[in-house]
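I opened the model to look up its folds, contacts and ring pairs. My entries follow below.

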Amino acid sequence: MKQGRLIVCLVLVGLLFALPVFGQNKDTTSYESIMIDNFDQQPQDWSWHVTASRFVHEGYPRLQYFEGAPNSVKYLQDPSLNAKVLGVEISYDRKGDNWFEIFPAKQDSNGKYVPYDVPLQGKVDHIDTWVWGAGYGYNLDLLIRDADGRVHSLPMTKLTYHGWRNIKTVIPGWLVQRSRLRGGSKTAYFVGFRVRTDPEAPVDIFTVYFDQLKYLTNVFADIYDGYNFDSIVFDEGAGK
């Protein structure tokens, strides 16, 4: 009887190891760091724009590129390249719940710029960027659109420090990065940044700068046995 049980166990173990390797890769990870924008040259098909709440002072906000980089980034760059950062300057007419947003946009067929959500590959672990703070009580948030279409505001940092800091924001597990619907989105999207003032924070000229916007992602997250069938399109009239 014991011998029979031993044979059954050996058969089960053999079957386990005989399973296709490709079918066992759900826990496989391959992390890559992907640059959204290093700000050294403008992206080919979209550009950065800024908008602000109603009490913004006339002539603001202003968006501009400047030469320079954080010291921790400089030594990794080719000295012959003109490294740049993205800067925004703003001023408000009164204290309160003021805000401004920095976001990518594309030109439509009429030449008008419309917001553009940048697709994020794989399953994103975190997004990080270098941010220059001016010591103001302003809050920086990350805007992410999930795969079901909802936009989430994730807190990044409070800009009460001075100078450059690398700010890392982890994407929470509850944020849907791949829709369960067959026709749904297969990725989450970077929407932009939102900067909010504390009610008592000063509202005279405020500046902030960005450099090296990138994200770390598991590019194997959506690879499974038969993943290629997920995007097959049936021929109209087939089977009639």
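This is a predicted model: local features need pLDDT of at least 70, side-chain atom pairs count only at pLDDT 80 or more; totals for chains, interfaces and linings use all residues.

Residues are numbered from 1 along each chain as its sequence is written, and side-chain values use heavy atoms, with hydrogens and water left out.

**Entry: whole chain**

I looked up the secondary structure and got two helices and 13 strands. These are DSSP runs, numbered from the N terminus: helices are H or I with at least four residues, strands are E with at least two.

I then checked burial. The chain has 240 residues, and 40% of them count as buried. Buried means under 20% relative accessible area, exposed over 50%, and partly exposed in between, with a 1.4 Å probe and protein chains only.

Of the contacts with a separation of 6 or more, 76% join residues 24 or more positions apart.

**Entry: strand S13 and what follows**

I started with Thr-217, which lies in strand S13, residues 206–218. Is Thr-217 buried or exposed? Thr-217 is buried, at a relative accessible area of 0%. Beyond four places in sequence, I found Thr-217 in contact with Ser-30, Tyr-31, Glu-32, Ile-34, Gln-121, Gly-122, Lys-123, Val-124 and Asp-125. Its side chain also reaches the backbone oxygen of Lys-123 at 3.1 Å. This is a polar contact (N or O atoms within 3.5 Å; within protein, one must be able to donate a hydrogen and the other to accept it, and residues adjacent in sequence count only if both atoms are side-chain atoms).

Next I took Val-219, in the segment after S13. Val-219 is partly exposed, with a relative accessible area of 28%. Val-219 and Tyr-31 are 188 residues apart in sequence, yet their C-alpha atoms are 6.2 Å apart in space. Leaving out residues up to four places away, Val-219 touches Ser-30, Glu-32 and Gly-122.

I went back into S13 for Gln-212. Gln-212 is buried, at 13% relative accessible area. Among the residues Gln-212 touches are Met-35, Phe-39, Val-73, Asp-128 and Trp-130.

**Entry: the core**

I searched for nonpolar cores: sets of buried Ala, Val, Leu, Ile, Met, Phe, Trp, Tyr and Cys residues joined through side-chain atoms within 4.5 Å. Which residues have the most contacts inside the largest one? They are Phe-100, Phe-193 and Phe-206, in a core of 43 residues. S13 gives the most to this core, with five residues. I listed the neighbours of Phe-193 too; they include Trp-48, Phe-100, Leu-140, Met-156, Phe-210 and Leu-213.

**Entry: rings**

How many aromatic pairs does the whole structure hold? I found 12. Rings of Phe, Tyr and Trp (its six-membered ring) pair if their centres lie within 6.5 Å; planes under 30 degrees apart count as stacked, over 60 as edge-to-face and the rest as tilted.

Trp-46 and Trp-48 pair edge-to-face, 5.2 Å centre to centre with 75° between the planes. Both Trp-46 and Trp-48 are buried. Tyr-136 and Tyr-138 also pair edge-to-face, at 5.5 Å and 85°. Tyr-136 and Tyr-138 are buried. I traced a cluster linked by ring pairs: Phe-39, Trp-46, Trp-48, Tyr-116, Phe-190, Phe-193 and Phe-210.

Then I checked charges over rings (NZ of Lys or CZ of Arg within 6 Å of the ring centre and within 35 degrees of the ring normal). Arg-94 lies over the face of Phe-55, 3.7 Å from the ring centre. The charged end of Lys-106 sits over the ring of Tyr-116, 4.3 Å from its centre.

**Entry: backbone exceptions**

Most residues other than glycine have a negative phi, and most peptide bonds are trans. I looked for departures. Phe-39 has a positive phi of about 70°. Phe-39 sits in the loop between strand S1 (31–37) and S2, and is buried at 1% relative accessibility. Gln-212 has a positive phi of about 55°. A cis peptide bond joins Tyr-60 and Pro-61, with omega about 0°. Pro-61 lies in the loop between strand S2 (47–52) and strand S3 (62–67).

Note on methods: Contact means heavy atoms within 4.5 Å.
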